[in-house]
Amino acid sequence: MLKNSSKFINAIKSDIREMRARVTINNIVFEDNVINKVDFTGSALSGEQFSLGSTHENTVSIEFSEVIETVAPLDLVQVEIGVKRTNFSTNEQKRFSNGIGKMRMGAPLNTWNTKEEYEYSLMGEFYVSDHVDINYNDKITTLDCKDKMIFLEDAYVSKLKYPADIRNVIVEIANQASVEIDTLNIEELNGLQINKIEGYSHRQALGFIAQLLVGYATFNRKGLLQIRTLKDTEYEISPDEYFSKGLSKNGIRYKIRGITCTVPKDEEPQELFVGSKKGPQLTIENPLMTQNELQRIFNALQSVDYYPYDLSWRGNPALEIGDIMTVYDLEGNELKVPNLSYNLEYTGGLSATSSADSKSRLDVVPTGRKTYQQQIHATQTNIKETATNLTNAFKDAQEKITGNQGGFIIQRMNEDGKPYEFLVMDTEDINSATNVIRLNQQGIGFSQNGYNGPFGVAITIDGQIVADYITAGTLSADLIQSGFNGIAPGVSMTKDGLITRSDTGSYTQLVSGSLRIFDNANNMTGTFGLSSIAATGETGSAIFVSEGHLFGIVRNRSGESPNTTLLRVPSSEDEIDILVPIDLNSQGIRDASSVQTKNGSHTGIFNTWSTGEAFIGGPTGAMLGYRNSDGTLSAVAKLVKGENFKLYTNLDVIGKIKTDDNGIKALSKLDMNSQEIVNVSNLTNKNGSSVSAQFVSAEGVHLIGGSNGVNIGSRASNGSITGSFRVHPTGAHISYRDINMGGNNITNTSDIRLKKNIKKSAKDALKEIMRWDMIEYEFDKDIPRNKDMPDGTLFGISAQSAPSLQIIDEKEDSYLSVSLTNQINVLSLGMQQLIKKVTELEGAMNG
């Protein structure tokens with residue numbers, strides 16, 4: 001619940017209260033005189049069952065008494081509802097003004113000024129949805145708006161290292177969705193270590209996280225993302241504040257007695273259970289859940305104990321979703337109930353509906369459709385049961401027919417004495433017969449319920465067959481189609497063959513002795529069928545890959561591990577790519593004209609010549625060597641194209657330095673014997689894949705690093721190296737020592753002639769500064785990144801508390817740093833705003 005003045009609370013509870021609404025759209029304020037209606041709806045944890053981990057969307061609908069044509073979808077809308085209060089004394093004004101801007105229970109203060117007649121409560125930040133209804137005849141504009149939950153529908157693809165702190169996962173989700181978090185709220189959460197969430201949206205991932213934290217995800221009144229739990233606000237509602245018969249409650253208390261959690265798996269979903277099967281049950285789904293975590297959640301939920309209720313009352317805009325309030329019935333009994341569903345309607349006056357209608361019964365059915373894994377599992381079970389039933393039915397039919405003990409054949413005559421129907425019955429009397437076969441010109445019917453049926457099996461004259469089971473030696477038809485409860489498309493038997501379809505639209509076709517595979521665009525990607533060699537007359541089976549399509553052999557991994565491609569035929573090249581080692585099991589390779597090895601751009605070939613076997617190197621030459629016991633390779637001889645043969649042995653046949661037209665090439669370390677290297681235009685150092693270069697140009701000496709950047713430092717007498725400055729290839733450059741500018745300046749381009757889209761900043765710099773968490777700290781030297789950081793106690797800002805100053809290092813675990821330029825600008829703006837406030841206060845005091 002938001003913090004308010006005592007006079008606000010008294011005014012809200014007053015019988016003669018005066019309410020007002022105020023709406024701000026893109027910084028344009030619409031006052032109460034043009035607002036007909038405001039309808040706010042919010043919920044958390046609500047539904048037929050207690051919806052643990054809910055990510056409900058809060059909405060607001062606004063009706064204006066004028067035509068507004070400047071509104072577009074996704075415009076920012078802020079809604080406030082206020083109440084008229086009595087004027088404050090001078091001392092009260094000072095006391096309440098000193099409290100403005102502070103926080104309680106993670107919720108911001110309502111925005112109000114002690115000198116204003118009305119005190120307003122911000123209902124939240126919303127965004128215009130697709131519905132903007134303008135009635136030009138009645139001059140009415142209606143807006144439907146939703147909170148920031150609408151920005152969380154994209155797929156969540158994490159780049160963190162796992163297991164990861166659950167708070168870091170929340171921050172990553174918020175950054176990807178471009179929404180702000182309530183830093184204090186997130187920092188105070190339980191820092192659980194969780195596995196990676198894959199195949200879900202940002203919103204679904206937050207729901208799984210909220211379940212583990214025994215709460216729900218929501219955006220607070222300032223539009224900041226929070227993970228919240230139920231909290232007791234000690235707010236009381238008396239019978240005077242709700243309407244006649246406005247309170248109804250279930251006579252059975254709601255307390256969760258058991259939890260069933262489905263954990264989706266690639267093969268078959270895992271089902272976890274904790275608690276008792278007797279009493280209210282909670283059914284959830286969570287890919288991160290374990291038995292221990294489910295037990296912890298169950299234990300935490302044992303404090304959730306209330307009477308399901310509905311309350312129609314006068315309302316309070318400062319009350320929030322998830323607040324626990326105290327309601328008194330007409331007999332004075334106290335009810336502690338959570339505000340899980342909250343609707344506020346303003347039409348000049350204010351009314352509200354609060355409820356928590358969770359069902360206290362055993363037969364609660366979880367909302368939402370089954371997961372694909374559950375559907376597949378159910379389908380497989382149905383197929384197995386159906387196959388068993390069919391087999392049993394065939395056996396039963398055979399026994400009944402072959403074991404027949406006789407019966408009675410009755411021929412029925414019409415008035416002319418001509419037969420019109422034949423009956424085969426288990427008795428002579430039509431009225432007492434149970435098993436009856438009727439044969440007439442309309443068809444034949446089989447009944448186990450007497451002469452008049454119903455007929456469970458029938459064949460009519462127009463060719464229709466009605467039966468639970470049909471068995472045949474040969475069945476001829478234009479189309480036979482089967483499906484399974486609407487879950488899978490099923491199987492079709494057509495004149496073109498047997499077709500099986502997947503739920504993605506791809507299908508296989510068994511026809512003419514071959515199995516053909518098609519994608520969802522009806523393109524044949526491959527065929528498995530008969531093959532023959534014309535020259536030898538040999539026949540066999542083969543896999544045919546259609547042009548423009550690839551073929552692969554893939555190892556299907558269980559759980560969250562990715563599948564592994566073992567062999568692949570590319571879609572555009574006539575070759576086979578083998579992506580894993582081949583174990584020949586001590587066997588040889590025979591009748592090969594060449595075996596080509598490829599490593600990057602270097603290619604080697606074992607080639608067969610008429611004079612014997614030979615080894616041919618790639619375009620750079622050939623090397624002969626051996627493999628050591630530890631797996632490393634040692635070169636013995638090297639042949640470079642166009643050069644002499646080189647032998648690497650203890651004989652030291654070649655020298656350590658060679659010369660050519662390009663200069664001198666050192667094949668080992670070059671000892672300059674304390675001499676200088678002069679007049680060098682380019683000096684390049686290569687170590688593995690890292691290359692650095694130093695050269696002289698018209699601008700001076702340039703130092704160029706490799707792929708990992710450049711480190712500038714010093715070497716101590718013991719050989720150790722200490723870094724002083726690092727030029728990072730992708731992130732920020734880092735100095736590990738103080739920089740003395742020697743009286744010179746550090747500048748940043750700020751000429752207004754170089755800029756466009758210029759406007760005055762609307763940022764509340766003082767509020768931003770007050771959020772900064774100023775700390776004393778030491779660098780954690782156990783983290784490799786901090787090895788060159790200074791020792792001792794330092795003073796600064798926590799980057800997590802200053803979103804507008806944050807710079808994210810995308811390369812190194814998304815570490816945060818602070819932009820000093822932005823910090824100086826915010827401080828400068830704050831000084832301007834502070835000076836303005838001081839000037840206004842001085843004017844008020846003097847005037």
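Predicted model: local features only at pLDDT ≥ 70, side-chain atom pairs only at ≥ 80, totals over all residues.
How many nonpolar, polar and charged residues does the lining of the largest cavity have?

1. **The lining by class.** Counted by class, 8 nonpolar, 4 polar and 5 charged residues make up the lining of the largest cavity.

2. **The space itself.** A search of the whole structure turns up 2 cavities of 30 Å³ or more. The largest cavity holds about 170 Å³ of space.

3. **Strands around the cavity.** Two strands, β8 (118–135) and β12 (216–219), each supply at least two residues of this lining. The most comes from β8, with 4 residues.

4. **Helix α3.** Now turn to α3, a helix of 12 residues covering 166–177. From its first C-alpha to its last it reaches 17 Å, close to the 16 Å expected at 1.5 Å a residue.

5. **Its two ends.** At the start of α3, the backbone nitrogen of Arg 167 has a side-chain oxygen of Asp 165 within 2.8 Å. Just after the helix, Ser 178 takes a positive phi of about 60°.

6. The buried residues of α3 are Ile 166, Val 169, Ile 170, Glu 172, Ile 173, Ala 174 and Ala 177. In an α-helix there are 3.6 residues a turn, so residues three or four places apart point the same way. The partners that the buried residues of α3 pack against are the strands β10 (164–165), β11 (193–194) and β13 (225–228), along with the helices α4 (183–187) and α5 (202–212).

Key
Residues numbered from 1 in each chain as written. Heavy atoms only, no water. 1 Å grid on protein atoms, 1.4 Å probe; cavity = no way out; pocket = protein on both sides within 12 Å on 5 of 7 lines; lining within 4 Å. Points joined across faces, edges and corners; volume = space filled by probe spheres on them. Nonpolar A, V, L, I, M, F, W, Y, C, P; charged D, E, K, R; others polar. Expected span 1.5 Å × (residues − 1). Buried < 20%, exposed > 50% of the residue type's maximum accessible area, 1.4 Å probe, protein only. Contact = heavy atoms within 4.5 Å. Polar contact = N/O pair within 3.5 Å; in protein donor to acceptor, adjacent residues only side chain to side chain.
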